[in-house]
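Visitor: I'd like to learn how to read a protein structure, one feature at a time. Could you put one up and walk me through it?

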Amino acid sequence: MTADAMTPTQEATTQSFEADVSRLLHMMVHSVYSDREIFIRELVSNAADACEKLRYEAIAKPELIADGAPFAITVSLDKDAKTITVADNGVGMTREDLTTLLGTIARSGTKAFLDKLAAEDAKSEAQSLIGQFGIGFYSAFMVADEVVVETHRAGSEEAWRWSSDGKGTFTIAPLALDAAPTRGTRVILHLNAESQEFLESWKVERIIREHSGAVAVPVEFVAKPGEEAKRLTDGAAIWAKSKSDVTPEEYTEFYRGLSGQFDEPALTVHWRAEGRHEYTVLAFIPGSRPFDLFDPSRKGRNKLYVRRVLITEDADILPGWLRFVRLVVDSADLPLNVSREIIQKSEVFAAIRKGVTNRVVQELGKFAESEPEKFAKVWEDFGAVIKEGLYEDPERRDGLFKIARFATTAHPEGGRTLADYVAAFRENQTAIYYLTGDDAKRLAASPQLEGFRARGVEVLLLSDAVDSFWVSTAAGFDGKPFKSVSQGAADIKSIALVEGAKAPAEASGEVATLLAFVKQTLESEVEEVRASDRLTDSVACLIAPEFGPDRQLEKMLAAHGKMTERTKPILEVNPTHPLTVSLAARLHAGQDKALVEDAAHLMLDEARLLEGGQVDDPPAFAARMRRVLEKALG
Ligand code: ADP
Ligand code: MG
């Protein structure tokens, strides 16, 4: 490398923001936030992160904090200069850090965020989204027409000054060490004309107390230059306090910082595990769904501390099906002087994982019992995720069955437990019946349910994608097997009809002949055609053979390319339906064979449509439909 190539870094350089950052800044300046005061919370939160990072680095390199200064964040106002400054003595940033961390958006979610915001109606959501996407630093541009970052990376001999007006470019220049913080970062905002209110000390003080009270580094406040710093928050770790010393508001504020969501937690659990391993846990069930709940690349946001030192923000503490839970674990037993990876491979960590998971499941169960209405909302938000556990974690299945809630034919609004279901078994009922599909409304209208309704037999209506998987692998609940109503024989004849219900009757001889004819006609498309004991109103439905996947599971496997050859379904026909009876009579009289053939095909297509499928051959379908209509119209 030539000397020339090395020197430019010592001079001021101006670079453009990455295109996405520019878009984002433009939105910030034109304020997508209604609530601009949150920029303070965002900057304090970054300052605290920087302190926690250095605390961790200093385990291996104690010389980084040899100056002995305790970690602190200072917010100061200067009315003459019209600035508000957030300073920390954390890790600081190198020149490269400044370019990549403050000039580009490395996060995968950011593009999605921008796209979401571009949608006209998403403006109101911006506030709740912004924290989740982790783009807090740019919120400074809502209130400032210039932002300056003076930073000194701990352990480095260089310091830098980053500045920008947020209009497309930023400049980085070297900063003399005596003008720079000893270690850490100062973020100086030159407040714009509309934001002078943030020079009022009472206001800024209130904002800090309100939004940054639970930050794990003390926050100090300097109301004007030369004035002594006043400590506003103690920086004590909220999880290390005893429950009685924490107010609900403090829990909520901490939850918001942890999750980046601005709702109220639905459930807060704070406990200390003692015994073989000692650790403290503060866990929250969010009050609403995070935007990326179903994004496969989504990381948990669970923080692991060892004796108050933050080891990692995305510790793998909970299984994927509890990925919506936000928590902090602080352990006294894990080693500090080894890498993050080694810590997370240790036996102690495995024991913590297990202990925390058990407790969370147990707490969910208690919550479901003591506050069923609040739990209903949790289930609505996260039930589809928790149900992944029924499939992935068979040994926890019984525990999860206790909290799972379902929509059923008798309770289409949901909220039914399996225990309630079993308690309402009809005499001679031997199985827990279910129907899977992807649309809850259509499910409830499925012809397959008619015979069950006629006998007062409740059927679980399972419309989440994961349902098909757990229900086909679960052995049963309370000794009762699960049985799909769209598969195999219904076997419900021995259950008495409810009063006034139509009985599915036996097929007459004429109908038997018709069914044989239909079978012949649909030879290549169906496995079997038979009289149904599960239809009372509809003329036909499709059923999967007794063994193998049920109709919905097969559809899903096929959609994922996991099944190349699809099994042929069984067409069940209602033997007493007027249509069946008159077709049988015509066939018997030897009339209109062609019409009966058309009707057979149409029956099959109708059954396909009713289960959310498609007709196989639309032109042929249309031609048949036309012929039958012409005939009817004479
Ligand atoms: P997030 O905090 O979610 O990562 P931000 O937009 O708030 O997103 O900050 C972007 C990045 O800039 C941070 O991840 C951090 O690496 C860096 N950063 C911001 N403020 C500071 C600071 N005071 N000290 C050190 N690094 C900082
Ligand atoms: Mg941040």
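Guide: Let's start with a term: a residue is buried when its relative accessible area is under 20%, exposed when it is over 50%, and partly exposed in between (1.4 Å probe, protein chains only). This is a predicted model, where local features need pLDDT of at least 70, side-chain atom pairs count only at pLDDT 80 or more, and totals for chains, interfaces and linings use all residues. Residues are numbered from 1 along each chain as its sequence is written, chains are lettered from A and ligands numbered from 1 in the order in which they are written, and side-chain values use heavy atoms, with hydrogens and water left out.

Visitor: Let me try one. How does methionine 625 count on that scale?

Guide: Methionine 625 has a relative accessible area of 38%, so it is partly exposed. You'll find it in helix α21, residues 618-633. Helices (H or I, at least four residues) and strands (E, at least two) are DSSP runs, numbered from the N terminus.

Visitor: Which residues form a nonpolar patch on the surface?

Guide: Patches are made of residues with over 30% relative accessible area and no salt bridge; like charges are joined within 9 Å, and nonpolar side chains (Val, Leu, Ile, Met, Phe, Trp, Tyr) within 5 Å. Here Met625, Leu629 and Leu633 make up such a patch, and together they have about 330 Å² of accessible area. Areas like that come from the Shrake-Rupley method with a 1.4 Å probe, and for residues only the protein chains shown count as cover.

Visitor: You mentioned salt bridges. How many does a search of the whole structure find?

Guide: First the rule: a side-chain nitrogen of Lys or Arg has to be within 4 Å of a carboxyl oxygen of Asp or Glu. The search turns up 42 of them. One is between lysine 79 and glutamate 200, whose closest N and O atoms are 3.7 Å apart. That pair links distant parts of the chain, 121 residues apart: lysine 79 is in the loop between β2 (73-78) and β3 (83-88), and glutamate 200 is in the loop between β7 (184-191) and α7 (201-212). Glutamate 200 has a relative accessible area of 30%, so it is partly exposed.

Visitor: What about glutamate 388 and arginine 323: how far apart are N and O there?

Guide: They meet in a salt bridge at 2.9 Å, N to O. Glutamate 388 sits in helix α11 (residues 372-392) and arginine 323 in the loop between β13 (309-312) and β14 (326-331), so the bridge ties together parts 65 residues apart in sequence. Glutamate 388 counts as buried at 17% relative accessibility, and arginine 323 is buried too, at 18%.

Visitor: Which residue forms a salt bridge with lysine 387?

Guide: That would be aspartate 467, with the closest N and O atoms 3.0 Å apart. Aspartate 467 lies in helix α16 (residues 467-473) and lysine 387 in helix α11, so parts 80 residues apart in sequence are tied together. Both residues are buried. Salt bridges can also join up: Glu525, Asp605, Arg608 and Asp616 are linked in a network of them.

Visitor: Now helices. What describes two packed helices?

Guide: The angle between their axes and the distance between the axes. Axes are lines fitted to C-alpha atoms, for helices over the stretch in contact, and angles run from 0 to 180 degrees between N-to-C directions. Helix α3 (residues 38-60) and α7 pack at about 60°, with axes 9 Å apart. Helix α10 (residues 347-370) and α11 pack at about 140°, with axes 8 Å apart.

Visitor: What do those angles count as?

Guide: Under 35 degrees is roughly parallel, over 145 roughly antiparallel, 65 to 115 roughly perpendicular, and the rest oblique. So α3 and α7 are oblique to each other, and α10 and α11 are therefore oblique as well.
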